[in-house]
Amino acid sequence: MGCMASTEAAADLVALLADEGVSHLFINPGTDTAPVQEALAAARAAGTPHPETVLCLHEHVALSAAIGHHMASGLPQAVMVHVDAGTLNLGGAIHNAQRNRTPVVVMAGRAPYTVAEDVRGHRDSPIHWQQEQVDQPGVMRAFGKWHMEVPRGRELAPILRRAFQVAQAPPSGPAYVMLPRESLMEPSPGPLPARLRPPAPPGPDPTALAQVAEALATAQRPVVLTSRTGAHPENVPVLARIAELLGAPVIDQRDRVNLPAGHALEAVSGEALLRRADAVLLLDVEVPWVPALAAPPPDARVLQIDVDCAKPSMPLWTFPVEVAVTADTRAALPALERALLGLATPRRCEAWAERRRAVEAELETSRAGARARGTSDQPADAPDAMLAALHGALPDDAIVLEEVVTSRAALHRQLRRAPGHYFQTGSPALGWAIGGAIGIKLARREAPVVAVCGDGSFNFGVPTAAMWAAHRVGAPFVAVVLNNHSYYASKRPVQSLYPDGAAVSGGDFPETELTPETDYALLARACGGEGRAVDAPADLPEALRWALAEASHGRCVVIDARLPRP
Ligand SMILES: Cc1ncc(C[n+]2csc(CCOP(=O)(O)OP(=O)(O)O)c2C)c(N)n1
Ligand SMILES: [Mg+2]
């Protein structure tokens, strides 16, 4: 017999995950993970620290759940998948982890090297030849920050420590560790090495920050543009105070809740404001505007605060930033507020207050128009009406994940949440929301979790795997599927690029209609959950109350919210 699992490197892996603060290991096992499974069993039996494991029947769900968990908990994440095949199945979730800066260590087996029978973990199946690739980490290379293979058991713990450090160092992101079975089964060298602490988040350069403050204080029409500043909810009141002081509207892309709900300076639509701005402050924003749609004037002063200002992972990020401040907004926003207060002469204060009144009045007009769409019975406003009904029915503590694609503007118009109660990936690989809901529920067990997604997005999320995992681990969610029976996002470009084309004139938009219909409620029941179709916004509140009650008893619920086909 070989040595006991508890003295193997795989046991170091289990103990180290717990020591790094990983609460859940999202896993899909294979022949490569046996030593880790054995070490987990040993840790459970002995009661030694180990993460809770979450079996995911598809790897996309595993990584999506890790993304969601981090959004809600701020903790580092770990995912374990099977060799090259499991890595490939992470699919678009790798892209989402990259764009969300999820500090996640993705671990994958690697085919054993050894054919010799006397080496523990050696090859014992034909798949050990088939699963070996010339460049297994190539799958992760374009999206991850770092990757490494564990060559020997004694190197496992230092390499994993390093992986967690790199993944969490700002800007955070995925790291990838490959684990040959022989390494996992080699003896542990002894006590775990100390943690390699990630560097402290960067603070703002004082000179650059003063330039930003000066540019904002002297602007006539300043605009603040944000997407994720509220990832740290303590930023929300500071951002609100800065906007109020300057009387500047906030164009909010809403990957998170960045302003207090219904704040008078939140712009429902930012295009007109952007076109006449003379200073634009970009806060934690990935894509500030689309030049072909609406951009600030060429002489507007563009200022930026972000931990990753240059964004080298986006090859053509060519926005004309005059002053870029590399900083965590948790440090930079209070410093900016202080700097602005220092520049707030009585005359300026008067001008800023006057501007605030004018901007708020203008924004209130557009808000009233947006609200009206929530009670409209026009087919074009059907998403607004359904989402207004959802907004009215959501309890205050519910956490919403958004993946509604072409209904996103409607959702922004109709749905308000408190800081820390709304999440969006801000990245285009669909299928994140229902897996993400599992992670968020595990991180915030007391709150109801509601994933609002398009019918296409729901399907991309591998619903059978997501609901199964949610039930098994006791992390039920409610999915509200905005079912427009189509990939509307894949139809609109055909309409706009070929307004006089064959598709428009013939009313034939190839492969954009999701027919025949799927019975999503029945699908949920097949997975041990519950479901109901809702045809009119007026029926949604009662359906949601029922769904939340079911979810509180451990069942996932799918509300098939039917909309007209656009
Ligand atoms: C993984 C992935 N595959 C394909 C796409 C391309 N795509 C973008 S939007 C979309 C349709 C989404 O449909 P749905 O969620 O129903 O939203 P709708 O467009 O109907 O509002 C598709 C297929 C994508 N973004 N991600
Ligand atoms: Mg759709």
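Colleague: Where is the place of P516?

Modeller: P516 sits in the loop between α21 (502-506) and α22 (520-526); helices (H or I, at least four residues) and strands (E, at least two) are DSSP runs, numbered from the N terminus. This is a predicted model, in which local features need pLDDT of at least 70, side-chain atom pairs count only at pLDDT 80 or more, and totals for chains, interfaces and linings use all residues. Residues are numbered from 1 along each chain as its sequence is written, chains are lettered from A and ligands numbered from 1 in the order in which they are written, and side-chain values use heavy atoms, without hydrogens and water.

Colleague: What is the omega of the cis peptide bond that joins T515 and P516?

Modeller: Omega is about 0° there. The bond from P170 to P171 is also cis, with omega near -10°, and P171 belongs to the loop between α8 (153-168) and β6 (175-180).

Colleague: Why is K311 called buried?

Modeller: Buried means under 20% relative accessible area, exposed over 50%, and partly exposed in between (1.4 Å probe, protein chains only). K311 has 1% relative accessibility and therefore counts as buried. K311, in the loop between β11 and β12 (323-326), has a positive phi near 50°.

Colleague: What makes D284 count as buried?

Modeller: D284 is at 11% relative accessibility, so the term buried applies. Its phi is positive, about 50°, although D284 is not a glycine.
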